[in-house]
Amino acid sequence: MKAPAPVGICPMCRKETKLIKSHLISSGVYPLCQNEMREHVSVTSDVIRPTQMETKEYLLCSPCDNSLNTNGERYVIPLLPRLGGRFLLYDRLVKQDALEETPSMTVYAAAENPEIDVAKLVHFGIGILWKASVCSFGNGDKPGIDLSEEDREAMRRFLVGEAKLPMRMALAVAVESGAIRYPATIGPRPGNNSDFKNFFFYVPGVMFQLYIGANVRSARGAYSINLSPKGSVMMIELAKTVRGDMNKGSKKARKTKKLLRIVEEVEAKGLSIKLGD
Ligand SMILES: [Zn+2]
């Protein structure tokens, strides 16, 4: 018999109510990462493996969970890459000329692109990072993202539509430029920037990075989707970073043979697309 849903304080609306199991990374992302065994690649600090387990916990009330869906997830997930298939976010971005091109990245003005909803991209990114700051999702006893009470509250108010994100927070959205799009999820976890408090997570084809600090606007504003007036979205070769992260993580974590096989398959598929195969 299924246990009844617990009653508690929903951390998003702060009402005492029935709580439902909320996913850390939206449930709709999992099918994008699944192999023929319906397993996805999951990277945590302990283990990198193909798994059928989804990270979820009794956390939010149903209306709040739904609002994360309506305001972000439902829009963003269909834009993420299908294994060996289309990648709509990429396709829509490259329809317009780039704002800036450097050897390592191309920057696009998403706010000037009628096919891209910047507000929903930001809501999606902040929603997942905020959930990771209020709940450990069964991975240890502390949330994966350590935020000050003030920062957590600022993100909560943004998510419920009470306030804009503060100027001390820069959300950067990086889209995979190459043909290898890892069908994996990573994080949310702390990043390695030494100038600012920073966190990131990866879903297939897109990395969301949050930088927090007093001078973040002058240092990072131009490349942040919420602080730049044009809604900057970067396109970079994420595969290297993602692969590096899987390797770095694997020093501590167990890495399974099956994962290596999936990674090889994805790389082979990506390369064959690149070669026009
Ligand atoms: Zn709620």
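Tutor: Begin with a helix. This is a predicted model, and in it Arg156 and Glu153 both belong to helix α5 (residues 149-159), 3 residues apart, or about one turn of the helix.

Student: How far apart are the closest N and O atoms of Arg156 and Glu153?

Tutor: A salt bridge needs a side-chain nitrogen of Lys or Arg within 4 Å of a carboxyl oxygen of Asp or Glu. Arg156 and Glu153 form such a bridge, and their closest N and O atoms are separated by 2.9 Å.

Student: Is Arg156 buried or exposed?

Tutor: The cut-off for buried is under 20% relative accessible area. Arg156 has a relative accessible area of 8%, so Arg156 is buried.

Student: How many salt bridges does the structure hold?

Tutor: The bridge between Arg156 and Glu153 is one that we have seen. Another is formed by Asp117 and Lys120, with closest N and O atoms 3.4 Å apart. For the structure, the number of salt bridges is 10.

Student: How many residues apart are Lys230 and Glu112?

Tutor: Their side chains meet in a salt bridge at 3.7 Å, N to O. Lys230 is in the loop between α6 (216-220) and β12 (232-236), and Glu112 is in the loop between β7 (105-109) and α4 (118-134). The pair links distant parts of the chain, and the two residues are 118 residues apart.

Student: Which term describes the accessibility of Lys230 and Glu112?

Tutor: Lys230 has a relative accessible area of 37%, and Glu112 has a relative accessibility of 45%. Values between under 20% and over 50% fall in the middle class. Therefore Lys230 and Glu112 are partly exposed.

Student: Which residue stands opposite Met105 in β12?

Tutor: β7 is joined to strand β6 (residues 100-101) by 2 antiparallel bridges, with a hairpin of 3 residues between the two strands. There, Glu100 stands opposite Val107. β7 also pairs with β12, antiparallel over 5 bridges, and the residue opposite Met105 is Ile236.

Student: What is the arrangement of the 4 donor atoms around the zinc ion?

Tutor: The protein donors are the SG atoms of Cys10, Cys13, Cys61 and Cys64, lying 2.3 Å from the zinc ion. Four donors count as tetrahedral if all angles lie between 85 and 135 degrees. Here the donor atoms subtend angles of 104 to 116°, so the arrangement is tetrahedral.

Student: Are Cys61 and Cys64 buried or exposed?

Tutor: Along the chain, the zinc donors follow the spacing C-x2-C-x47-C-x2-C. Cys61 has a relative accessible area of 5%, and Cys64 has a relative accessibility of 8%. Because the cut-off is under 20%, Cys61 and Cys64 are buried.

Student: What is the strand order of the open sheet of 3 strands?

Tutor: The edge strands are β1 (7-9) and β5 (56-61), each pairing on one side only. β1 pairs with strand β2 (residues 16-23) in the antiparallel sense over 3 bridges, and Gly8 stands opposite Thr17 in β2. The sheet has antiparallel pairing, and its order is β1-β2-β5.

Student: Which helix packs on the sheet, touching β2 and β5?

Tutor: In this sheet of order β1-β2-β5, the twist averages 65° from one strand to the next. The helix that packs on the sheet spans residues 62-76, and its direction makes about 100° with that of β5; this helix is α2.

Note on methods. Residues are numbered from 1 along each chain as its sequence is written. This is a predicted model: local features need pLDDT of at least 70, side-chain atom pairs count only at pLDDT 80 or more; totals for chains, interfaces and linings use all residues. Side-chain values use heavy atoms; hydrogens and water are left out. Helices (H or I, at least four residues) and strands (E, at least two) are DSSP runs, numbered from the N terminus. Buried means under 20% relative accessible area, exposed over 50%, partly exposed in between (1.4 Å probe, protein chains only). Donors are N, O and S atoms within 2.8 Å of the metal (3.2 Å for Na, K and Ca); water is not among the atoms, so sites may look incomplete. Four donors count as tetrahedral if all angles lie between 85 and 135 degrees; four count as square planar and six as octahedral if opposite donors are over 155 degrees apart and all others between 65 and 115; anything else is irregular. Two strands pair if DSSP finds at least two bridges between them. Axes are lines fitted to C-alpha atoms, for helices over the stretch in contact, and angles run from 0 to 180 degrees between N-to-C directions. Contact means heavy atoms within 4.5 Å.
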